[in-house]
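Dear colleague,

I am handing over the structure that follows, together with some notes on what was found in it. Please read the notes with the model open beside them.

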Amino acid sequence: MNFHAIRAIYLFEMARTWRTLLQSIVSPVVSTSLYFVVFGAAIGSRITSVEGVSYGTFIVPGLVMLSVLTQSIANASFGIYFPKFVGTIYELLSAPISYFEIVLGYVGAAATKSIILGLIILATAGLFVPLQIHHPIWMLTFLVLTAVTFSLFGFIIGIWADGFEKLQMIPMLVVTPLTFLGGSFYSVNMLPSGWRTITLLNPVVYLISGFRWSFYEIADVSVTLSLGMTVGFLVVCMTIVWWIFKTGYRLKN
Amino acid sequence: MPPIISVSNLSKTYGSGFKALNGINLDIVSGEIFALLGPNGAGKTTLISIICGIANLSQGRVTVGGHDINTDYRAARSLIGLVPQELHTDAFESVWATVSFSRGLFGKPKNPAHIEKVLKDLSLWDKKDNKIVTLSGGMKRRVMIAKALSHEPQILFLDEPTAGVDVELRKGMWEVVRTLQASGVTIILTTHYIEEAEEMADRIGVINKGEIILVEDKAGLMQKLGKKQLKLYLQNKVEAIPADLAAYNLELSEDGREVIFNYDTKGERTGITSLLSDLRSAGIRISDLDTTQSSLEDIFVSLVRAP
């Protein structure tokens, strides 16, 4: 194991986070606060509780997940896309470092950043609504699993993308809709049965449901299923990354 | 002593079907400065990219310090520092941070003293806290060299190190390269500037259309292919070379005032003395003379142009 290299990549990526603190941390916190104001206070006050939890409180896990998902993808995809774009990737490819170590450095940093962000948003939410976390360990488990999985997913997008447009396309056109339709702001059980079935095809539903369960013990699907789907998606992403490095796809010609 | 880099039967075909390298065999001796010459698109950068792990090879085998670049890539790559042709640098990191990053990437523990030495050697020390984006092109080039030297490599690849660099800086870079060689580093450089190879290299390889067409000691190459030319300036205009002098294959300039004689320095008799006395007998008087040796550039052009 080339620990010095993993450390170098990790610290390099984290340094980028601190350098772009405003964009990295402050802007997601501001936008999440806006969600609280709009959905929680303004609209939420007209909605009675959802499954025994006040609406403002109900949306907290979904909002945290929304940020963690989008930030994980954005961090990791940009982290590996940028060296490709400016050409500094040559150094990574010529270094005595294994693919596993490269992924560990980049994905580790991206996930760290979005976990920190998720916790900050959670703390911010605590200022607006009363929070309770029934299963803190599970809460952290889901948070970490999701951050890692979607950082891997972002890493894949960053390798695949050959332009800034493509870099934005998947998060904009696929991830954001799936997140909004994945029960961030409502319980899947509130939907008519036809739509409910369709919604269950959305992988984000399982992430949010499991995460929300760790807070309030209310879930749209069983926790085991949530965990299984999350781990399943993680394995899929890992397999794709393994394939990318095995074939040199979009990295080595 | 076994070669520090050994390339055997290396071929590279790109996905598009373009064959960039074709059966390359090349050994690099430890401690030498090897110059790889070739026209644009000859395969210089492809060859370097494969040795350094940036591109996959299609066929053949490459070892670095005895380590196979595929099966034992960690050991192989640890020995190499690469300065690519293009100025690929981060923008917002400081010089110090980016050079230290490279050292870590190559698996070496922190060593501020070494980084300091590298930066001082390359006259970058006063810029260590500057963001790279604020540096000039020549400084960025030196930052890339510093990155390559950050992990104390035994082999340094310089791909067109002085392209677009002003004369003074170029001379400075040659100085750095010589110092590195003196410290035992093997250097492989590609260049367009023949002058550079002539100035720096111990051995020269010429690559064209993906094939190595020649590898030779610089001195040997110059001697083997080097021709000398004697130019005679005439006192009076001459209409034609007299028939008696046909054996010398003289060339007469258009204005009839200069005569050029090609001769081989290795020959036992250059023919100069007899030419001069024959000219005199023919009544041709000489006002001045000049000799020139063909440069590596001429040799190179004649090699690459040959079918």
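The largest nonpolar core has 70 residues, and those with the most contacts inside it are Tyr106(A), Val107(A) and Phe155(A); a nonpolar core here is a set of buried Ala, Val, Leu, Ile, Met, Phe, Trp, Tyr and Cys residues joined through C-beta atoms within 7 Å. Helix H3 of chain A, residues 55-86, gives the most to this core, with 16 residues. A second, separate core of 66 residues includes Leu10(B), Ala146(B), Leu158(B) and Ala197(B).

Please bear in mind that this is a predicted model, in which local features need pLDDT of at least 70 and side-chain atom pairs count only at pLDDT 80 or more, while totals for chains, interfaces and linings use all residues. Residues are numbered from 1 along each chain as its sequence is written, and chains are lettered from A and ligands numbered from 1 in the order in which they are written.

Leaving aside residues up to four places away in sequence, Val107(A) touches Ala76(A), Val148(A), Ser151(A), Leu152(A) and Phe155(A), where contact requires that the two C-beta atoms, placed from the backbone, lie within 7 Å.

Also in chain A, helix H6 (residues 136-160) and helix H9 (residues 203-216) pack with their axes 8 Å apart and at an angle of about 155 degrees, and they are therefore roughly antiparallel to each other (angles over 145 degrees count as such). The residues that make the contact are Trp138(A), Met139(A), Phe142(A) and Thr146(A) on H6(A), and Leu207(A), Gly210(A), Phe211(A), Ser214(A) and Phe215(A) on H9(A). By class, this contact of H6(A) with H9(A) has six nonpolar, three polar and no charged residues, with Ala, Val, Leu, Ile, Met, Phe, Trp, Tyr, Cys and Pro counted as nonpolar, Asp, Glu, Lys and Arg as charged, and the others, Gly among them, as polar.

Between the chains, 20 residues of chain A are in contact with 28 residues of chain B. On the side of chain A that touches chain B, the largest share, six residues, comes from H1(A), and by class that side has nine nonpolar, seven polar and four charged residues.

In chain B, Arg203(B) lies in strand S9, residues 203-208, and is buried, with 20 other C-beta atoms within 10 Å (20 or more is the cut-off for buried). Not counting residues up to four places away in sequence, Arg203(B) touches Glu32(B), Phe34(B), Val215(B), Glu216(B), Asp217(B) and Lys218(B).

With best regards

Technical notes
Axes are lines fitted to C-alpha atoms, for helices over the stretch in contact, and angles run from 0 to 180 degrees between N-to-C directions. Helices (H or I, at least four residues) and strands (E, at least two) are DSSP runs, numbered from the N terminus. Angles under 35 degrees count as roughly parallel, over 145 as roughly antiparallel, 65 to 115 as roughly perpendicular and the rest as oblique. A residue is buried if 20 or more other C-beta atoms lie within 10 Å of its own, exposed if 12 or fewer, and partly exposed in between; C-beta atoms are placed from the backbone.
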